[in-house]
Amino acid sequence: MIVLAKQLAGRMRALIAIESEIADATHRQEEEQAIRALEKERSTQIRSFMRDELLVIKTVMNIGRCERGYRYYANSENTDYYEIIHLPIELNKHELMQKYSYYLVHKTEHELADRMEYYTAVSEQLKEGMAILKL
């Protein structure tokens, strides 16, 4: 799986780039038609992946969401207090890929694509996962 993840790194970066364009266009309050065109391009990118590729990308996203190497701690008594707790990532790349793809192997291509298409934090999780896996 890690070999396929390395091969898909460029396409994952392209997905991150299109999401950045969508966010920028939304922030600049561009026309709705331009934003829809970008969203259609994002959807086309996601739908162009094969099932195995979607499985790898979703696994990288899960790693980015769950294995960040840090957690935030907020004190409920003092709302201005936040602490970052650093946690070591103890598993290697192959073990991480195996752990976070465990339940995804039962998903169809359509289910994987739908989850990615309708989820708005794909870029954030992909960036984190790619950084952890050094892709």
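I started at R51, which is partly exposed at a relative accessible area of 25%. My cut-offs: buried is under 20% relative accessible area, exposed is over 50%, and partly exposed lies in between (1.4 Å probe, protein chains only). The model is predicted, so I took local features at pLDDT of at least 70 and side-chain atom pairs at pLDDT 80 or more, while totals for chains, interfaces and linings use all residues. Numbering runs from 1 along each chain as its sequence is written, and side-chain values use heavy atoms, with hydrogens and water left out.

**Salt bridges.** I counted a side-chain nitrogen of Lys or Arg within 4 Å of a carboxyl oxygen of Asp or Glu. The whole structure gives eight. R51 pairs with D52, with the closest N and O atoms 3.7 Å apart. D52 is partly exposed at 49%. I also found R47, D114 and E117 joined into one network by salt bridges that share partners.

Next I looked up R11 and E53, whose closest N and O atoms are 3.5 Å apart. R11 is in helix α2 and E53 in helix α4, so this bridge ties together parts 42 residues apart in sequence. Helices here are DSSP runs (H or I, at least four residues), as are strands (E, at least two), numbered from the N terminus. R11 is partly exposed at 32%; E53 is buried at 15%.

Then I checked E19 and R42: 2.7 Å between the closest N and O atoms. E19 sits in α2 and R42 in α3, so the pair links parts 23 residues apart in sequence. E19 is buried at 10%, and R42 is buried at 9%.

**Helix α4.** I noted 16 residues and a reach of 22 Å from first C-alpha to last, close to the 22 Å expected at 1.5 Å a residue. The expected span is 1.5 Å times one less than the number of residues. Of the 16 residues, 12 are buried, so α4 is largely enclosed by the rest of the structure. Its buried residues pack against α1, α2, α3, α5, α6 and α7. Contact means heavy atoms within 4.5 Å.

**Q125.** I placed this residue in helix α7. Q125 is buried at 3%. Leaving out residues up to four places away in sequence, Q125 touches V60, M61, G64, R65, R68 and Y119.

**Core.** I took buried Ala, Val, Leu, Ile, Met, Phe, Trp, Tyr and Cys residues joined through side-chain atoms within 4.5 Å. The largest nonpolar core has 34 residues; M12, V60 and L135 are among those with the most contacts inside it.
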